[in-house]
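Please open the structure in your viewer and keep the sequence beside it. The tour below goes from one selection to the next and says what is there.

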Amino acid sequence: MSDSKLIDPFGRKIDYLRISVTDRCDFRCTYCMDENATFLPRRDILSLEEIVQVASSFVALGTRKIRITGGEPLVRKDILFALKQIAALPGLDELTITTNGSQLEKMGQQLYDAGVSRINISLDTLKRERFEELTRRDKLDQVLRGIKTVSKLPFKQLKLNAVILGGHNDDEIEDLVEFAIAHKMDISFIEEMPLGQISHHDRAKVYISSDELLERLQHRWQLSLSERSTGGPSRYYDIAGESQQVGFISPHSHNFCSTCNRVRLTAEGRLLLCLGNEHSKDLKSVLRTHPDDADLLQQSIIDSLVLKPEKHHFNLDEEPQILRFMSATGG
Ligand code: SAM
Ligand code: SF4
């Protein structure tokens with residue numbers, strides 16, 4: 001049971017922090033950023049030491065799980081330094097990362113040695129040309145080699161994440177589940193969220209609900225709702241005869257805000273209280289005006305919780321209300 005000291009005005013206990021360590025990326029996924037994306041100047045990005053300071057304050061306040069994400073977290077120089085320091089924080093149960101997989105062949109073993117226990121790898125397609133269309137990079141083979149590398153290492157859990165866009169990759173959901181099972185990985189299908197303006201497709205037109213995907217998968221596998229809860233937005237299903245699970249993250253069709261246990265630190269040091277709202281607290285200015293004051297940092301984190309909204313209001317028929325992209329958010 002979590003002993004977090006972070007409780008929001010709606011009584012939700014916050015014991016999970018996601019940290020975006022960079023807004024930069026070696027891919028340009030069509031649903032996440034434009035080809036000509038502009039990135040924050042380096043001086044505006046938290047240093048790795050500052051990131052570790054924030055992580056340490058959260059853990060002191062009862063946070064038990066930290067996920068490192070981005071942008072692409074593994075392109076940040078010296079990221080292993082920060083991972084080792086965070087993994088060693090007394091009281092932290094789990095350090096996990098979300099990655100596009102491009103660096104896993106090279107870094108898989110080092111990540112394991114640094115203390116990362118679970119990895120989520122984004123993979124939306126198994127077709128090379130389609131991969132290039134969706135990520136704007138011809139790197140499917142590199143990602144597949146990375147997946148092979150980590151699947152041989154004793155991580156506690158490996159999971160694939162696939163954003164499904166109707167008419168673009170929904171015909172691959174069965175192949176992706178088969179691929180996950182063959183590599184002893186779980187898989188989650190994600191509904192696209194309206195974060196940032198994109199030019200590649202009309203989000204309302206490609207929307208396909210998790211329920212539709214579930215129904216299709218049930219023609220092939222016997223799926224039953226799992227007891228497992230990650231305290232997160234995924235609903236998981238057991239696959240009869242297999243030890244892997246299929247999950248669905250459904251911000252549109254199944255609002256998960258009532259059980260939200262998380263906050264996000266952006267690469268520029270803003271503590272975002274909700275993925276779908278702009279409520280935030282600028283922790284960078286606290287860190288830079290009072291560099292060694294851990295008590296002040298902790299108090300600023302506690303104070304920020306009054307800003308956590310009750311829920312998000314995503315609407316695909318409107319212009320995106322949230323102008324920041326997922327890459328800038330710590331998705
Ligand atoms: N670069 C890493 C990766 O791709 O896994 C980590 C950061 S990425 C922003 C984290 C996750 O957000 C990925 O699984 C990606 O597919 C997902 N994502 C990005 N933009 C999204 C959007 N608009 N809606 C839903 N998921 C999105
Ligand atoms: Fe990069 Fe991840 Fe965004 Fe794709 S989803 S552009 S890999 S940050």
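Which polar backbone atom lies 2.7 Å from a nitrogen atom of ligand 1? Select M193, whose polar backbone atom is the one at that distance, a polar contact being a pair of N or O atoms within 3.5 Å, where pairs within protein also need one atom able to donate a hydrogen and the other able to accept it, and residues adjacent in sequence count only if both atoms are side-chain atoms. The model is predicted, so local features need pLDDT of at least 70 and side-chain atom pairs count only at pLDDT 80 or more, while totals for chains, interfaces and linings use all residues. Residues are numbered from 1 along each chain as written, chains are lettered from A and ligands numbered from 1 in written order, and side-chain values use heavy atoms, without hydrogens and water.

Next, select G71, where a polar backbone atom is 3.0 Å from a nitrogen atom of ligand 1, and then E72, which has a polar side-chain atom 3.2 Å from a nitrogen atom of the ligand. Of the 540 Å² of accessible area that ligand 1 has on its own, the protein covers 95% (Shrake-Rupley method, 1.4 Å probe; for residues, only the protein chains shown count as cover).

Now move to helix 6, residues 173-182, and pick out its buried residues, I173, L176, V177, F179, A180 and I181 (buried means under 20% relative accessible area, with a 1.4 Å probe and protein chains only; helices are DSSP runs of H or I, at least four residues, numbered from the N terminus). Finally, select K184, which follows helix 6 and has a positive phi, near 55°.

How values were computed
Buried means under 20% relative accessible area, exposed over 50%, partly exposed in between (1.4 Å probe, protein chains only). Helices (H or I, at least four residues) and strands (E, at least two) are DSSP runs, numbered from the N terminus.
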